[in-house]
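Please examine the model shown below alongside its sequence. The paragraphs that follow lead through it in steps.

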Amino acid sequence: AIFINTARGSVVDEEALLQAIDDKQLRVGVDVYAGEPSEPDAEFASPVALHTDTVATHHVGASTSQAQDAVGAVLVEVIASFSSSGTADTMVV
């Protein structure tokens, strides 16, 4: 089986994920991690990212031209919605 998480690190129980990697031969691809530092130069060592059966990146999915185009399109929609209604339809809390 394969598990991929590019949403939020906090939605995954990383201890259970590590156990599944070892016990169930789960293959993992992650771009987000629980407890990620907020500063770009802070120390960070994720047991999930360091596991030999994990392919780990650091938020590179948002760095593609397609992702940037999508973010720009949603931003235009949010600004237009807020301008007309006073509320933003897509908010991350």
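In this predicted model, the cover over the buried residues of helix α1 includes the strands β1 (2-5), β2 (27-30) and β3 (54-56), together with α2 (47-50). The buried residues in question are E14, L17 and I21, in a helix that spans residues 14-24. Viewed down the axis of α1, these buried residues fall within an arc of 55°, so they line one face of the helix. On the face of α1 turned away from the buried side are the exposed residues E15, Q19 and K24.

The two ends of this helix can be described in turn. At the start of α1, a side-chain oxygen of D13 comes to within 3.1 Å of the backbone nitrogen of E15. After α1 comes Q25, which has a positive phi, near 55°.

A further helix, α3, comprises residues 65-85 and contains S81. Is S81 buried or exposed? Its relative accessibility is 11%, and residues under 20% are classed as buried, so S81 counts as buried. Leaving aside residues up to four places away in sequence, S81 touches G86, T87 and D89.

The largest pocket has a volume of about 250 Å³. Its lining consists of 13 residues, and E36, P37, F44, H58 and H59 are those that lie nearest the centre of the pocket. By class, the lining of the largest pocket divides into 7 nonpolar, 4 polar and 2 charged residues.

How values were computed:
Residues are numbered from 1 along each chain as its sequence is written. This is a predicted model: local features need pLDDT of at least 70, side-chain atom pairs count only at pLDDT 80 or more; totals for chains, interfaces and linings use all residues. Side-chain values use heavy atoms; hydrogens and water are left out. On a 1 Å grid over the protein atoms alone, a cavity is a set of points where a 1.4 Å probe fits but cannot get out, and a pocket is an open set with protein on both sides within 12 Å along at least five of seven lines; lining residues have an atom within 4 Å of a point. Grid points are joined across faces, edges and corners, and a volume is the space filled by probe spheres set on the points. Ala, Val, Leu, Ile, Met, Phe, Trp, Tyr, Cys and Pro count as nonpolar, Asp, Glu, Lys and Arg as charged, and the others, Gly among them, as polar. Buried means under 20% relative accessible area, exposed over 50%, partly exposed in between (1.4 Å probe, protein chains only). Helices (H or I, at least four residues) and strands (E, at least two) are DSSP runs, numbered from the N terminus. The arc is that of the directions from the helix axis to the C-beta atoms. Contact means heavy atoms within 4.5 Å. A polar contact is a pair of N or O atoms within 3.5 Å; within protein, one must be able to donate a hydrogen and the other to accept it, and residues adjacent in sequence count only if both atoms are side-chain atoms.
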